[in-house]
Amino acid sequence: MRTTTAGDVTILLPDLDPEELDPVTDLTDDDLRDGLVEEVSWRGRQIEDQGIRGCRITASDLGEITWEGGALYGCEVARTDLSGAALTGVSIERCSVTGSRFTGTRLIDVRLKDVLFDNCRFDYATLSRVSAAGSVAFTDCALVHGTWSSCRLSGVALRSCDLSHLELDACRLDGADLRGSRLHAFATALDNLQGIALTEDQLPDLTRMAVDALSIDVRADAAGGRNR
């Protein structure tokens, strides 16, 4: 059993031995199990109700794939391009995703459990009704200009991420660990942030969010003060 921690979140990760995996170059109609997928291109492929389990996927092109239903379980994904992909109703569990690109990717009704995203790009990504059913962490990820709606991500770790211009609509991040993350122009309702963890140097950004949310009119002192 292999685990990692991000703040207070402990994640159970896959423990794969590449020598025990069979090289795979193409998808079939059956579930893909115990495969070593290296430098392949499945760009634009359609996957339906299919599982990928116990696989290591590296340096591959999965851009613009359409995946509906099924599961990604016990997999390692590294340096792989999923830009423009659409994942709907997919369960992702006990997976490590590192150095991969999700630019413009759409995740809809996706369930996450024991998942680590490390040093990944989610710029301009759309997450809709994504839920964390267990430990989930994003570390050193760029989530800029993304749009997340109706997501249930209580207690997730978003450590040392760039959240600039990330917009959250009806998303729950209560209890989330945002320490070290950049919050410039991060937009969400304050009641979605109950109990989050921040560092002291992030408080000015939180203050700015509060001022915007409450439409507070911040004015300079009246010139000269009050006559006595």
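R159 is partly exposed, at 22% relative accessibility. Partly exposed sits between two cut-offs: buried is under 20% relative accessible area, and exposed is over 50%, with a 1.4 Å probe and protein chains only. The areas themselves come from the Shrake-Rupley method with a 1.4 Å probe, and for residues only the protein chains shown count as cover.

Before going on, what are we looking at? This is a predicted model, where local features need pLDDT of at least 70 and side-chain atom pairs count only at pLDDT 80 or more, while totals for chains, interfaces and linings use all residues. Residues are numbered from 1 along each chain as its sequence is written, and side-chain values use heavy atoms, with hydrogens and water left out.

Back to R159. Which residue does R159 bridge to? The partner is D177, and their closest N and O atoms are 3.3 Å apart. That is a salt bridge, meaning a side-chain nitrogen of Lys or Arg within 4 Å of a carboxyl oxygen of Asp or Glu. R159 lies in strand β20, residues 157-159, and D177 in the loop between β21 (167-169) and α1 (203-213), so the bridge ties together parts that are 18 residues apart in sequence. D177 is buried, at 6% relative accessibility.

Other bridges. The whole structure has 15 of them. R172 and D174 meet at 3.1 Å, N to O. R172 is partly exposed, at 41% relative accessibility. D217 and R219 also form a salt bridge, with 2.6 Å between the closest N and O atoms. Both D217 and R219 are exposed. Then there is a network of salt bridges, which links R43, D61, E64 and D81.

Now the overall picture. The chain has one helix and 21 strands. The C-alpha trace spans about 85 × 35 × 25 Å along its principal axes. Of the 228 residues in the chain, 43% are buried.

Next, the aromatics. How many aromatic pairs does the structure hold? Six. The rule: rings of Phe, Tyr and Trp (its six-membered ring) pair if their centres lie within 6.5 Å; planes under 30 degrees apart are stacked, over 60 edge-to-face, and the rest tilted. Take F102 and F122. Their rings are stacked, 4.4 Å centre to centre, with 0° between the planes. F102 sits in the loop between β13 (91-98) and β14 (106-108), and F122 in the loop between β15 (111-118) and β16 (126-128), so this pair ties together parts that are 20 residues apart in sequence. Buried or exposed, these two? F102 is buried, at 7%. F122 is buried too, at 3%. F122 also pairs with F117: the centres are 5.3 Å apart and the planes are at 90°, so that pair is edge-to-face. F117, like F122, is buried. Step back, and F102, F117, F122, F138 and W148 form one aromatic cluster.

Stay in this region for C120. C120 lies in the loop between β15 and β16. C120 is buried, at 1% relative accessibility.

Now the surface. Where is the negative charge gathered? One patch holds D15, D17, E19, E20, D22 and D34. Patch members have over 30% relative accessible area and no salt bridge; like charges are joined within 9 Å, and nonpolar side chains (Val, Leu, Ile, Met, Phe, Trp, Tyr) within 5 Å. Asp and Glu count as negative, Lys and Arg as positive; His and the chain ends are not counted. The charge is placed at NZ of Lys, CZ of Arg, CG of Asp or CD of Glu. D15 is in the loop between β2 (9-13) and β3 (22-23). D15 is exposed, with a relative accessible area of 54%.

Last topic, the backbone. Most residues other than glycine have a negative phi. Which residues go the other way? D49 has a positive phi, near 50°. D49 lies in the loop between β6 (46-48) and β7 (51-53). D49 is exposed, at 59%. R94 also has a positive phi, about 50°, and is not a glycine. R94 lies in strand β13. R94 is partly exposed, at 23% relative accessibility.

Definitions and conventions: Helix = DSSP H or I, 4+ residues; strand = E, 2+ residues; numbered from the N terminus.
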